[in-house]
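This briefing covers one protein chain, topic by topic. The sequence and the model come first.

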Amino acid sequence: MIVKMEQDSSVEEVEILIRYAEMSEDVERIATMLESATVRIKCSYDGGEKLVSVSDVYYFESVDKMTFVYCEKDVYRTELRLYQIVDDFAYMGFVQISKSCVLNINALDLINTLPNSRMEATLKNDERVYITRKYLDGIKHALQKGV
């Protein structure tokens, strides 16, 4: 793969062209990563609002009918519901891992097996979340697909 970049001061918006001979999973994965870098969600933070890039999100968690957005260091709140997140962002690597949690598999560092058919996911920031038995097939499928 060859990556070329050029600066052009007359350009108003960044343009990315992916040239390929044949569509492959790698090409699709690159396009998805580029797209996810531009998708933002509105979140509440310190009494104000902030747009957070979906690619920066490690996981979403629902607690007491509120949805929290966990990034590497910060936690935000969003009005989105978990079912909306799964529907809208599954193609970017977001997969439901428990009744109250949706994980970005791109933030995943490793998975450990626990008793009772559960698994523990360690994220890139060393935070741990649990994958329940009901959602094992979904995470296995997402990992095999390599989103």
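Which residues have the most contacts inside the largest nonpolar core? They are Tyr59, Ile97, Leu103, Leu123, Val129, Ile131 and Ile139, in a core of 19 residues. A nonpolar core here is a set of buried Ala, Val, Leu, Ile, Met, Phe, Trp, Tyr and Cys residues joined through side-chain atoms within 4.5 Å. The model is predicted: local features need pLDDT of at least 70, side-chain atom pairs count only at pLDDT 80 or more, and totals for chains, interfaces and linings use all residues. Residues are numbered from 1 along each chain as its sequence is written, and side-chain values use heavy atoms, with hydrogens and water left out.

**Overall architecture**

- The protein chain has three helices and 10 strands; helices (H or I, at least four residues) and strands (E, at least two) are DSSP runs, numbered from the N terminus.
- Read from the N terminus, the order of elements is α-β-β-β-β-β-α-β-β-β-β-β-α.
- Along the principal axes, the C-alpha atoms of the protein chain fill a box of roughly 55 × 40 × 25 Å.
- Of the 147 residues in the protein chain, 33% are buried; buried means under 20% relative accessible area, exposed over 50%, and partly exposed in between (1.4 Å probe, protein chains only).
- Among contacts with a separation of 6 or more in the protein chain, 39% are between residues 24 or more positions apart, where contact means heavy atoms within 4.5 Å.

**Surface and charge**

- The protein chain has an accessible surface of about 10,500 Å², and carbon and sulfur atoms account for 48% of that surface; the areas come from the Shrake-Rupley method with a 1.4 Å probe, and for residues only the protein chains shown count as cover.
- There are 18 positive and 25 negative side chains in the protein chain, and the centres of the two sets lie 8 Å apart.
- Lys and Arg count as positive and Asp and Glu as negative, while His and the chain ends are not counted; each charge is placed at NZ of Lys, CZ of Arg, CG of Asp or CD of Glu.

**Nonpolar cores**

- The core of 19 residues draws two or more residues from each of strand 3, strand 4, strand 6, strand 7, strand 9, strand 10 and helix 3.
- A second, separate core has 16 residues, including Cys43, Phe60, Cys71 and Met92.
- In soluble globular proteins, nonpolar side chains tend to be buried together.

**Helix 3 and Ile139**

- Helix 3 spans residues 136–145, and its residues Leu136, Ile139 and Ala142 are buried.
- These buried residues fall within an arc of 135 degrees seen down the axis of helix 3, so they line one face of the helix; the arc is that of the directions from the helix axis to the C-beta atoms.
- Asp137, His141 and Gln144 are exposed on the other side of helix 3.
- The buried residues of helix 3 pack against strand 6 (94–98), strand 7 (101–104), strand 9 (118–123) and strand 10 (128–131).
- Ile139 is buried, with a relative accessible area of 1%.
- Neighbours within four places in sequence aside, Ile139 is in contact with Val95, Ile97, Leu103, Ile105 and Ile131.
- Ile139 and Ile97 are 42 residues apart in sequence, and their C-alpha atoms are 6.8 Å apart in space.

**Helix 2**

- Leu82, Ile85 and Phe89 are the buried residues of helix 2 (residues 82–89).
- Seen down the axis of helix 2, the buried residues fall within an arc of 60 degrees, so they line one face of the helix.
- Tyr83 and Asp87 are exposed on the other side of helix 2.
- The buried residues of helix 2 pack against strand 1 (40–45), strand 3, strand 4, strand 6 and strand 7.

- Asp64 is found in the loop between strand 3 (57–63) and strand 4 (66–71), and Lys65 lies in the loop between strand 3 and strand 4.
- Phi is positive in both residues, near 50 degrees for Asp64 and near 60 degrees for Lys65.
- Most residues other than glycine have a negative phi.
- Asp64 is exposed at 68% relative accessibility, and Lys65 is exposed at 73%.
- Phe68 is found in strand 4 and touches Tyr59, Phe60, Glu61, Val63, Val75, Tyr76 and Arg77, not counting residues up to four places away in sequence.
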